[in-house]
Amino acid sequence: MAEDKAKTSRRDFLKGAAMGLAGGALATMGIYSYSPWRTRHFAKVERKLADIGVCKSLKIANISETSWFDNATLMGDIKGAGGLLVNQYDYNWPPFGDGSGLGKGSYEKGIAKIKHLLPDRLGEAWDIIVANSVNPRNAGGYAALLEVEELNGKKHKYLLDTGWSYKWTDECFKREGIDKMLANREIEALFISHEHFDHFWGLPVTLKYDPTITMYVPEGFYPEGLQYVKDSGHKGELIKVQPGLKKHIPGMASFVFAIPIICRVYGEQSMYFNIKDKGLVSVTGCCHQSIIQFAETAYREIKYENDNLYGVYGGLHISPFEDWDPKYDDLVISLGKYGFEKIGCNHCTGILCAKKFIAAGYPVVRGSARFRSKDTAYLGNGDKISFGV
Amino acid sequence: MEMERFGTNYLEERKLVKRWQGPIPAIVCLLFTLAIFYATWWIFQDPRGWMRMYTPYVGYMYTRWWLIVLIWMAYIFQYWPFRRRWLEKTHPLLKGIVLTAVSVVVLLLLIKGFFEALLGHYGLAYFNPKELLKLPGITEFFAIEYAALACLMFAAIASWLSPAWIVACEEAPWQDLRQPAKGISIWIMTFFLSTLIYFMTMHSHMGILYYPWQYFTSIAPPYWEKFANTVSGNFHVSWIMCCTVSVWLTETIWERYPFSLIKRNNLRRVVAFFGIIAIAFAMHFFLYFAQELTWGPAIRGTRRAFAPDWRWLHVGEMAVFFLVPALFVTFYCGNWPKKYSLPVNVLVRTGITIVAATLLYIFYYKTSHLFLGTQKGFSHPQQFPMIPTIWLINIWLVHHWFMDNWPGWKMVPKTADEIARDHAEHEAMIREVKWNPALGWGVGVGAVAGVALFFVTVWVLPILFDAITIIK
């Protein structure tokens with residue numbers, strides 16, 4: 001009898017405890033989890049304040065920001081091939097067209113048609129590409145020339161990205177004198193921001209003029225991309241940059257973000273420049289990690305002049321296809337509090353976004369809309385911007 | 001002559017008899033459904049596959065709406081117009097094919113007919129890609145994506161409210177109607193409520209997709225901006241997905257407990273409806289907090305894993321990971337365990353679900369890019385784990401509701417005695433756990449333990465996250 005009672009009370013206790021446990025846990029979850037008290041559990045941000053040195057100035061020449069000329073054509077291709085997650089090497093875009101049609105290509109079949117012509121006979125290669133690719137004349141590309149001056153007056157030139165269309169990239173290189181700089185070995189290295197077609201596939205044009213150039217690519221390149229570096233005739237050093245901070249010369253560092261990107265690309269490398277008496281300048285290819293993430297990373301990781309975020313140059317990947325999403329408004333609303341004094345945006349920032357920046361009163365440097373750039377709302381092809389000059 | 005009942009109470013009145021002993025039927029069914037999942041994934045969704053609907057929003061929209069159509073067919077219309085005899089006598093494979101085909105026809109009529117043709121042409125332009133193309137500068141691709149986004153946001157709400165009217169409100173006040181009158185009544189009610197909530201939660205999101213913001217037709221900036229730290233409607237996607245998950249946890253592994261303890265019918269229904277929302281909000285806030293604890297606080301204006309809008313979306317994604325094991329436990333494991341009292345059974349199943357969901361989450365992010373045609377990473381801007389998880393759930397629903405768990409189980413209609421015994425056992429189970437003072441000590445100790453469990457979890461989460469490398 002007593003045993004039965006004990007058994008009953010034990011069962012009652014367990015029943016009650018199960019009820020109470022679920023109720024107590026759920027109630028605390030609901031009341032505490034989004035309350036102001038929760039912030040006590042957040043780890044305090046310890047600034048690493050890594051010293052990347054200081055440089056005197058940075059000049060940037062926009063070689064090309066027009067990665068494609070007609071948005072509807074590009075998005076039509078993306079739609080026809082199956083959307084934003086399809087492998088970029090499968091689109092049958094130039095230079096990897098094999099004649100089989102949209103969404104049916106591959107790196108191997110495409111490169112087989114032109115490999116023997118790279119990097120020196122690009123004119124012949126381009127004729128083959130035009131005959132076999134989907135919308136070859138829509139291809140443009142992104143590339144910028146960075147000129148850094150050290151405090152002692154020593155100057156360095158670097159290329160950030162190398163365009164897409166061989167024809168367009170070569171025209172732009174000639175327009176800005178990049179061909180001669182490369183041939184004279186004035187440009188010390190080529191930084192590839194990420195593996196996307198419009199930043200990387202014009203590689204043979206750079207290698208035509210300087211096949212020995214040192215290349216920095218972010219870790220995360222797919223096998224096709226690494227093979228393309230070889231197939232394009234690169235004879236210099238290829239450095240795969242690991243995620244995180246990498247110092248280059250005084251006042252210049254790169255940072256690799258391990259992030260997945262549309263069209264099956266992984267990893268992005270962006271640049272920091274610490275300008276004497278001014279502050280930090282962020283230079284990006286597409287900035288898929290977001291400019292605010294880039295700024296926050298700088299705050300956590302490195303030391304810069306006056307603790308000031310001074311300027312920005314490059315694509316900010318907000319509305320690259322002139323598309324929109326309310327989360328982009330979060331960026332537009334929030335960017336102001338970072339206090340950038342000079343915003344030189346273009347490319348995948350999107351014209352619509354640049355207009356929203358201007359409407360918000362941000363210091364956007366306007367462009368001249370030359371050489372097929374479409375709007376003066378941002379820095380166009382052939383435009384220049386300088387920091388600390 | 002007996003009146004045709006169609007599928008009224010079909011799911012309760014069928015007895016699924018294992019064809020083999022032990023876990024073999026569950027393993028066979030798991031392999032069978034996974035094979036169907038992968039084949040259909042390749043045909044419809046995979047970016048390397050045939051139709052490549054994972055654009056992403058088009059595939060996402062069809063996945064979500066298919067889930068709702070299945071719920072309508074099995075739960076709201078109870079298989080109407082299919083006759084009971086057909087449901088009981090037809091081979092499960094044929095039944096699965098026929099009912100799935102019907103669901104696809106309804107799905108297409110709904111998307112192409114209702115949303116695109118009717119609503120998109122005569123009401124809200126953003127439901128129709130052709131109307132959206134009139135917007136200067138928009139491409140056809142994004143016109144289709146925006147329309148699909150609007151449609152799938154509507155689906156998120158319907159995926160909560162459609163089953164909630166059955167699970168929480170117990171079909172009231174139409175429970176005594178015959179089909180199709182009952183189905184039509186509930187369908188209109190849940191569709192009406194979904195529309196109402198859509199306007200209050202998602203319409204502003206769509207309104208600020210345009211430049212300039214559509215101040216005069218939608219509230220912009222939306223009212224939730226300060227609270228949620230974003231203008232994105234993902235804040236609502238988060239709690240609404242938690243509602244969907246919460247409804248199904250209540251229906252499956254919780255056996256409608258604790259709401260079933262309330263004796264008064266109307267009170268039970270009202271408490272269940274709002275109780276499910278309250279549980280969802282607890283999940284909604286906690287899963288957001290869990291991300292803050294592991295990745296750090298969100299930063300407004302940034303993108304991906306640190307953006308508040310993505311964090312809210314990820315709450316919904318995490319919640320769906322809980323749904324997968326919960327449904328598996330109910331559909332293929334006979335809602336094990338059943339030998340303890342109801343609260344203990346519920347607690348054990350919940351514990352199993354939490355552990356299994358965590359393991360599934362790790363497995364998904366560690367490996368899914370190797371076989372789904374996607375990329376590794378938590379926060380790819382165009383990848384949504386809800387697509388494969390809900391796609392798998394859809395296949396399980398087809399398998400469980402339309403195919404009677406074939407080939408692992410065989411369906412035998414229960415006899416009247418068996419149905420009566422089930423009801424008696426259910427009543428006894430409820431009676432056993434109804435409140436009595438002897439439970440007091442247990443409840444008190446349990447509540448303190450529950451609070452302690454919360455804080456221990458908060459302490460352990462960042463340590464565990466640091467100890468496990470999910471993505472190299």
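B:Pro212 sits in the loop between helix H8 (203-207) and H9 of chain B. Helices here (H or I, at least four residues) and strands (E, at least two) are DSSP runs, numbered from the N terminus. The bond from B:Tyr211 into B:Pro212 is cis, and its omega is near -5 degrees.

Before going on, a word on the source. This is a predicted model, where local features need pLDDT of at least 70, side-chain atom pairs count only at pLDDT 80 or more, and totals for chains, interfaces and linings use all residues. Residues are numbered from 1 along each chain as its sequence is written, chains are lettered from A and ligands numbered from 1 in the order in which they are written, and side-chain values use heavy atoms, with hydrogens and water left out.

Back to the backbone. Most residues other than glycine have a negative phi, and most peptide bonds are trans. B:Pro56 is in the loop between helix H1 (24-45) and helix H2 (57-76) of chain B.

Now phi. B:Asn405 is not a glycine, yet its phi is positive, about 60 degrees. You will find B:Asn405 in the loop between helix H14 (386-402) and strand S2 (409-413) of chain B. Is B:Asn405 buried or exposed? Buried, with a relative accessible area of 0%. Buried means under 20% relative accessible area, exposed over 50%, and partly exposed in between (1.4 Å probe, protein chains only). A:Glu322 is in the loop between strand S13 (309-315) and helix H11 (326-335) of chain A. Its relative accessible area is 28%, so A:Glu322 is partly exposed.

Next, chain A as a whole. Chain A has 12 helices and 15 strands. Its C-alpha trace spans about 100 × 55 × 40 Å along the principal axes. Of its 389 residues, 65% count as buried.

One of those buried residues is A:Phe255, at 8% relative accessibility. A:Phe255 belongs to strand S9 (residues 252-261) of chain A. Leaving out residues up to four places away in sequence, its contacts (heavy atoms within 4.5 Å) include A:Gly244, A:Tyr272 and A:Phe294. A:His196 is buried as well, with a relative accessible area of 4%. A:His196 lies in the loop between strand S5 (187-191) and helix H7 (197-200) of chain A.

On to charges. Side chains of opposite charge can pair when their charged atoms come close. A salt bridge here is a side-chain nitrogen of Lys or Arg within 4 Å of a carboxyl oxygen of Asp or Glu. Over all chains, that rule counts 40 salt bridges. In one, A:Arg264 pairs with A:Glu224, the closest N and O atoms being 3.0 Å apart. A:Arg264 is in the loop between S9 and strand S10 (265-275) of chain A and A:Glu224 in helix H9 (residues 223-231) of chain A, so the pair ties together parts 40 residues apart in sequence.

Chain B has the pair B:Asp404 and B:Lys95, at 2.7 Å, N to O. B:Asp404 is in the loop between H14 and S2 of chain B and B:Lys95 in helix H4 (residues 92-122) of chain B, so this pair ties together parts 309 residues apart in sequence. Both B:Asp404 and B:Lys95 are buried.

Now, where the chains meet. 74 residues of chain B contact 68 residues of chain A. The buried area is about 6,300 Å², and carbon and sulfur atoms give 67% of it. That area is the accessible area (1.4 Å probe) that two parts lose on being put together, summed over both. How many salt bridges does the rule find across the interface of chain B and chain A? Five. B:Glu140 forms a salt bridge with A:Lys79, with the closest N and O atoms 3.8 Å apart. H16(B) gives the most to the side of chain B that touches chain A, with 12 residues.

Last, that helix itself. H16 (residues 440-467) of chain B has 28 residues and reaches 39 Å from first C-alpha to last, close to the 40 Å expected at 1.5 Å a residue. The expected span is 1.5 Å times one less than the number of residues. Among the buried residues of H16(B) are B:Gly442, B:Gly446 and B:Gly450.
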